[in-house]
Amino acid sequence: MTGALASQGYGFLSGPSWNLLADVQNMLSFAFMRNAFAAGTASAVVAGLIGYFVVLRASSFAAHAISHIGFAGAAGAVLLGVNPVLGVGVLSLAASVGMGVLGRRLRGRDVVIGLVMAASLGLGYLFISLYSGNATDAYAVLFGQIFGITVGAVQITVLTSVVVLALLAVFYRPLLFASLDEEVAEARGIRVGAVGLGFMMLLALAVTEAVQVSGVLLIFALLVAPGAIAGRIFRRPAAALALSAGVAVLITWVSLALAFFTPYPVSFYVTSLAFLAYLGVRAAGRGAGLGRRLATSLSPGRDTAADARPAATVRM
């Protein structure tokens, strides 16, 4: 990004310095960076919260499929001359409704989901082939276009985030109950099928939002990694949700900053940081487990001979 700006006359941009505050002020002095941070933050919060339930419900592959299906929607929208993000939203919602109708059968239907995902990618390529104009917008959906987002798109993204968060708050308890134990939740009168359908629709909206940050091919990292990290650190859902959203926002902020000062894209940093963070949490967990086992093995043992002796008989 620094090189691109320098080619346009911004010669004072020489990369990050040791003055963090000055770097942040310099970065936020550009309107496109303020738009990117606003839209990226809204998308990351939604992705982090929804992603926790994606991991909890073992629906990672379904989320991955919805993001790929969105590419066909973007390509179809370009062919029709409408906003590609709108196409992502429409087709993602349609796919999520179809998967949600499957209900419990969704788990174990990896073959069907994989075939639908592959067919949608082929359909997207067909739409691109039929389009005679410049399909840059559709290809940008593959890897994100956060630095090109407009003020109007930022407003739509923030509004969509507010709607998704409000809906998530409304049926948070039944969703959590159904995610932890479907059978018990159904026995308690919770409509598990309706909850699953609603969650898949929220997932489609989260994909549509985050597609501008990391693209449909790389959105999987932002949706799954923060939730997986939070689930390994906290057992309480409230704490895990907060951490998942925080990790997603932090990854997005750092990625935007690194992309601003380097020639590499945001999506590369998002996926790389998410992967490294997850590996770090796994390594730390294994290290802590190994430390506990070593401490247990090195602790003074009990007197097994004394334990083996029968207790003295108490005479009355």
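**Overall make-up and confidence**

The protein contains 15 helices and zero strands. Of its 316 residues, 43% are buried. When contacts between residues at least 6 apart in sequence are considered, 76% of them join residues at least 24 apart.

The average pLDDT of the protein is 78, and 77% of the residues score at least 70. Among the elements, helix α13 (residues 237–261) has the highest mean pLDDT, 92, whereas helix α15 (residues 304–308) has the lowest, 44. Where pLDDT is low, the predicted coordinates should not be read in detail.

The largest nonpolar core has 68 residues. Within this core, the residues with the most contacts are I50, F53, M99, F147, L203 and L223. Helix α3 (residues 31–56) contributes twelve residues, the largest share of the core.

I50 can be examined in more detail. Apart from its neighbours within four places in sequence, I50 is in contact with V164, L168, F199, L202, L203 and A206.

N35 also lies in helix α3. Is N35 buried or exposed? With a relative accessible area of 16%, N35 falls under the 20% cut-off and therefore counts as buried. Leaving out residues up to four places away in sequence, N35 touches I149, T150, V151 and V154.

The loop between α3 and α4 (60–80) includes A58. The phi angle of A58 is positive, about 55°, although A58 is not a glycine. At 59% relative accessibility A58 is over the 50% cut-off, so A58 counts as exposed.

Helix α4 has 21 residues, which at 1.5 Å a residue should span 30 Å; the end C-alpha atoms are 31 Å apart, in agreement with that expectation. This helix is mostly covered, as 16 of its 21 residues are buried. After α4 comes G81, which has a positive phi near 85°.

Helix α5 (residues 84–101) consists of 18 residues. From its first C-alpha to its last, α5 reaches 26 Å, close to the 26 Å expected at 1.5 Å a residue. The buried residues of α5 include P84, V85, G87, V88, G89 and S92. A95, S96, M99 and G100 in α5 are buried as well. An α-helix has 3.6 residues a turn, so residues three or four places apart point the same way.

**Aromatic rings**

The model has nine aromatic pairs. A pair of aromatic rings is described by the distance of the centres and the angle of the planes. Two of the pairs are set out below.

| Pair | Centre to centre | Angle between planes | Arrangement |
|---|---|---|---|
| F30 and F32 | 5.7 Å | 50° | tilted |
| F260 and F261 | 4.8 Å | 85° | edge-to-face |

Why is the pair of F260 and F261 edge-to-face? The planes of F260 and F261 stand at 85°, and an angle over 60 degrees counts as edge-to-face, so the pair receives that description. Both F260 and F261 are buried. F30 is buried too, with a relative accessible area of 9%. One aromatic cluster is formed by F30, F32, F147, F260 and F261. F147 is also among the residues with the most contacts inside the largest nonpolar core.

**Y278 in helix α14**

Y278 is placed in helix α14 (residues 266–298). The relative accessibility of Y278 is 24%, which lies between the cut-offs of 20% and 50%, so Y278 counts as partly exposed. Which residues does Y278 touch, not counting residues up to four places away in sequence? Y278 touches A228, I229 and R232. Y278 and V224 are 54 residues apart along the chain, and their C-alpha atoms are separated by 9.9 Å.

Technical notes
Residues numbered from 1 in each chain as written. Predicted model: local features only at pLDDT ≥ 70, side-chain atom pairs only at ≥ 80, totals over all residues. Heavy atoms only, no water. pLDDT = per-residue confidence, 0-100. Helix = DSSP H or I, 4+ residues; strand = E, 2+ residues; numbered from the N terminus. Core = buried A, V, L, I, M, F, W, Y, C linked by side-chain atoms within 4.5 Å. Buried < 20%, exposed > 50% of the residue type's maximum accessible area, 1.4 Å probe, protein only. Contact = heavy atoms within 4.5 Å. Phe/Tyr/Trp six-rings, centres within 6.5 Å; stacked < 30°, edge-to-face > 60°. Expected span 1.5 Å × (residues − 1).
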